[in-house]
Amino acid sequence: MLERIKADLKKKYPSDICDALVNSYVNIKEQYYLMKHEPSELSGGKFVEACIRLLQKELTNSYTPIGSHIPNVIDVLRNFENSSKDNNNSFRIHIPRALLIIYNIRNKRGVGHLSGDVNPNFADATIIATVADWVLAEIYSVVFTTPLEEAQEIVNNLVRIKIPLIFEIGEIKRVLDPTISFRDQGLLLLYSSHPTPMTDNELVKCIEYKQPSYYKSYHLSRLHKDRLIEYSKDGNCTLSPTGIRYIEDNYGQWLDNFCKGE
């Protein structure tokens, strides 16, 4: 997906900007999923600077070369609103204002926090990762060159809920903590794909359940009976509002146990 985004961006913008943008985005996400919140926040600054160069190219047809310092970043972001109103409002207003959130948290919060304080690094890293998702999705939604249906799926995937307990590789997802029950693993997988359903066969494959028919007839049927999922006759499984609440009520404890190795 990211290679598709990069390829489309390079059709309009210089390669060095596109590489810096996607690479800094990947770094934010990798550090976040590794629970390294301070490095994730620090990567936010590089993402902002890459985005600024893309906005400069879009709005002024020139940009600060990679490797050169961008002075007064906050003023630069705010001044994009003064560009011609013929330009797309996402580039003039919405994206710069979103980037201000990342940059202010990155700089004004100091990232490091004294022991004894309530540590906001996880919350800060979460908003940075989420805003970065939105910014990249917004840029791509304006400049995409792929067929509309494919572009829509790429944008949806960028902003879809992503959780550290789920590892994705290609079409396969894994729950990283194998001590979580098969029942709850299925709910976690559905939560990570929500609102897009997963099929019963996909769940069995991702969980690696040894008796597919039993998993479907017992676990999925009970989840349906308990109104945690909607299990349709065509095999599609969709998380219900009750299922969402169940995951969100228990997720913090699962994550804590996983990080502690319990």
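This is a predicted model: local features need pLDDT of at least 70, side-chain atom pairs count only at pLDDT 80 or more; totals for chains, interfaces and linings use all residues.
The largest nonpolar core holds 41 residues, and Leu21, Phe47, Phe91, Leu99, Val135 and Ile139 touch the most other members. Such a core is a set of buried Ala, Val, Leu, Ile, Met, Phe, Trp, Tyr and Cys residues joined through side-chain atoms within 4.5 Å. Buried means under 20% relative accessible area, exposed over 50%, and partly exposed in between (1.4 Å probe, protein chains only). At least two residues of this core come from each of helices H1 (2-10), H2 (15-33), H3 (37-60), H4 (73-79), H5 (89-108) and H6 (121-143). H6 gives the largest share, ten residues. Helices (H or I, at least four residues) and strands (E, at least two) are DSSP runs, numbered from the N terminus.

Val135 touches Phe47, Cys51, Ile95, Ala98 and Leu99, not counting residues up to four places away in sequence. Contact here means heavy atoms within 4.5 Å.

Residues are numbered from 1 along each chain as its sequence is written, and side-chain values use heavy atoms, with hydrogens and water left out.

The chain averages a pLDDT of 84 (the predictor's confidence in each residue, from 0 to 100), and 82% of the residues score at least 70. Over residues 111-116 the pLDDT is below 50; this stretch has eleven contacts in the model beyond near neighbours in sequence.

On the H9 side the contact is made by Asp200, Asn201, Leu203, Val204 and Ile207; on the H10 side, by Pro212, Tyr215, Lys216 and Leu220.

Backbone exceptions come next. Most residues other than glycine have a negative phi, and most peptide bonds are trans.

| Site | Value |
|---|---|
| Glu208 | positive phi, about 60° |
| Arg227 | positive phi, about 65° |
| His194 and Pro195 | cis peptide bond, omega about 10° |

Pro195 sits in the loop between helix H8 (182-193) and strand S3 (198-199). Arg227 lies between H10 and strand S4 (229-231), in a loop. Arg227 is exposed, with a relative accessible area of 52%.
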